[in-house]
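These are my notebook entries on one protein model. I record below what I looked up, topic by topic.

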Amino acid sequence: GNYLYLNGGGSNSIRVLDISDPVNPKQMSRYAGPYIHDSHIRRDTIFASGIFSGVGLDIIDARDKSNLKRIKLLQYPGSGTHNAWTSADRRYVLTTDEIGTTAKTLKIWDIRDVLNPVYVAELAHVNGPDTATVHNVFVKGNLAYVAWYSAGLVVVDISNPAVPTIVGRYDTYPLHDRQGYVGAWGADPYLPSGKVIVSDMQTGLYVLRYNGDRRGKAVGTVTNAITGAPVQDALLHFPDAAITRWTNSNGNYLFGYAPGTYEVVIEKKGYNTLTGTVTITNGNTATFNFVLIPLGPTSAPDDIIPTQFSLHQNFPNPFNPTTTIVFDLSRNLHVRLSVSNMLGQEIAVLREGKFVAGRHRVMLHATDWPSGVYLYRLVTPESVMTRRMVLTR
């Protein structure tokens, strides 16, 4: 999001900066913990690697950026935790040990009970006559991309975390097969193209592609709800993938990733923040358009409690294939938001459950629906409201 996490700053451990105004960054906090060499942030949880003195992995609550709090210190004998990365479902964390007396392996931990992490498996890479030293791991879908020093880039299938399996490798420094700090230093597998960038300390920069990487694309446009104009430089945060993309001058974005359904949070200064989803399928490109509602006198901020229950007209309307439905609750209520066709047949339930008082926005994706008139209905224990919308192809 709008925060920068600084590691390796001497005794400061971790510093958090608010960079909403990048010209005037504001320090939010310093973490009073051990020296942190590297950190990975996933949904306001910091996985901080304390490389020295057997510190291990410090798992930190960062929901309050001004007051970071330790959740759990994962310690193990002889650790030299250099970096860590979580699995896509956040049930596991992978750690690398560059120094210390522990084996220089990729280790996998079950963190479903984060207060009681469980060691699951580890993986060594025997490179020639010696075991290569691991350096950095990055997870994308069910694959871990590991910069493994003298072994080069190593791709590991972690679909079964208890049995990590090497499925691909490219040796960027074949002249050296011994343990040591030479060869592949870092990797970036998150380019929308599916390519992987690898930096080698001795031989340079490599651009690779792993043919077994199942990947698809989500594309689309972010537009202004009032004018219909494209919104440039809107940020699209994908928390489950720990990736942010942005829109170009035409309001277009591109998100290439492993198959799955991902939440996306779209924000732009002067607009209400919007939450939606995109679905990635293997080898395909799908379109998901988003509409941002500008802040202004006709668009109440979400933190103002409405005085009455109301269901607003969707916007845009007519739409193709994405629209936004807004409803207001004057107090906490159980609600059910559904869509029906003109025959009265319910075809989708968009939201159901208890919602707090306030303004709520729901993104509707009607990618596979035929053109026509639809009814959307909001039901609470106290009232029912229905409005019409038109899908045009």
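Which residue in β26 is the bridge partner of valine 264? I looked it up and found glycine 276. I note at the outset that the model is a predicted one.

**Entry 1: the β25–β26 pair**

I followed the pairing outward from that bridge. Strand β25, residues 260–267, runs antiparallel to β26, and 7 bridges hold the pairing. The hairpin of β25 and β26 has 6 residues between the strands, and glycine 270 there takes a positive phi near 95 degrees.

I then asked which residues of β26 lie on the covered face and which on the uncovered one. In this strand, residues 274–280, the covered face consists of Leu274, Gly276, Val278 and Ile280. The uncovered face consists of Thr275, Thr277 and Thr279. I recall here that side chains in a regular strand alternate between the two faces of the sheet.

**Entry 2: overall description**

I counted secondary structure next: the protein has 0 helices and 35 strands. Its C-alpha trace spans about 70 × 45 × 40 Å along the principal axes. Of the 393 residues, 49% are buried. The protein exposes about 18,100 Å², of which carbon and sulfur atoms supply 51%. Among contacts with a separation of 6 or more, 49% come from residues 24 or more positions apart.

**Entry 3: nonpolar cores**

Which residues touch the most other members of the largest nonpolar core? I found Trp148, Phe255, Ile266, Val278 and Phe290, in a core of 53 residues. Strand β15, residues 143–147, gives this core its largest share, 5 residues. Another core lies apart from it and has 22 residues, including Phe327, Trp369, Tyr374 and Leu378.

I listed the surroundings of tryptophan 148, leaving aside neighbours within four places in sequence. Its contacts include Lys104, Leu106, Leu123, Ala124 and His125. Also among them are Ala132, Thr133, Val134, His135, Val154 and Ala184.

**Entry 4: salt bridges**

How many salt bridges does a search of the whole structure find? The search gives 15.

Arginine 63 and aspartate 61 meet through their side chains at 2.7 Å, N to O. Aspartate 61 is buried, because its 16% is under 20%.

In the second pair, glutamate 122 and lysine 107 have their closest N and O atoms 4.0 Å apart. This bridge links distant parts of the chain, 15 residues apart: glutamate 122 is in strand β11 (residues 118–123) and lysine 107 in strand β10 (residues 106–110). Glutamate 122 is partly exposed at 38% relative accessibility, whereas lysine 107 is buried at 4%.

Arginine 336 counts as partly exposed, at 26% relative accessibility. I also noted one network, in which salt bridges that share partners join Arg43, Arg90, Asp240 and Glu263.

**Entry 5: backbone geometry**

I checked peptide bonds and found a cis bond joining asparagine 317 and proline 318, with omega about 5 degrees. The bond from asparagine 320 to proline 321 is also cis, with omega near -15 degrees. Proline 318 is in the loop between β29 (310–311) and β30 (322–329), and proline 321 is placed in the loop between β29 and β30 as well.

Positive phi values in residues other than glycine came next. Aspartate 233 has phi near 60 degrees and sits in the loop between β21 (216–224) and β22 (235–238). Alanine 242 has phi near 55 degrees and sits in the loop between β22 and β23 (243–246). Aspartate 233 is partly exposed at 43% relative accessibility, and alanine 242 is partly exposed at 33%.

**Entry 6: a surface patch**

Last, I looked at a nonpolar patch on the surface, formed by Leu4, Leu6 and Ile19, with about 200 Å² of accessible area together. Leucine 4 lies in strand β1, residues 3–7, and is partly exposed at 34%.

Technical notes:
Residues numbered from 1 in each chain as written. Predicted model: local features only at pLDDT ≥ 70, side-chain atom pairs only at ≥ 80, totals over all residues. Heavy atoms only, no water. Patch = residues over 30% accessible without salt bridge, like charges linked within 9 Å, V, L, I, M, F, W, Y side chains within 5 Å. Areas by Shrake-Rupley, 256 points an atom, 1.4 Å probe, with all protein chains shown as cover. Helix = DSSP H or I, 4+ residues; strand = E, 2+ residues; numbered from the N terminus. Buried < 20%, exposed > 50% of the residue type's maximum accessible area, 1.4 Å probe, protein only. Core = buried A, V, L, I, M, F, W, Y, C linked by side-chain atoms within 4.5 Å. Contact = heavy atoms within 4.5 Å. Pairing = 2+ DSSP bridges.
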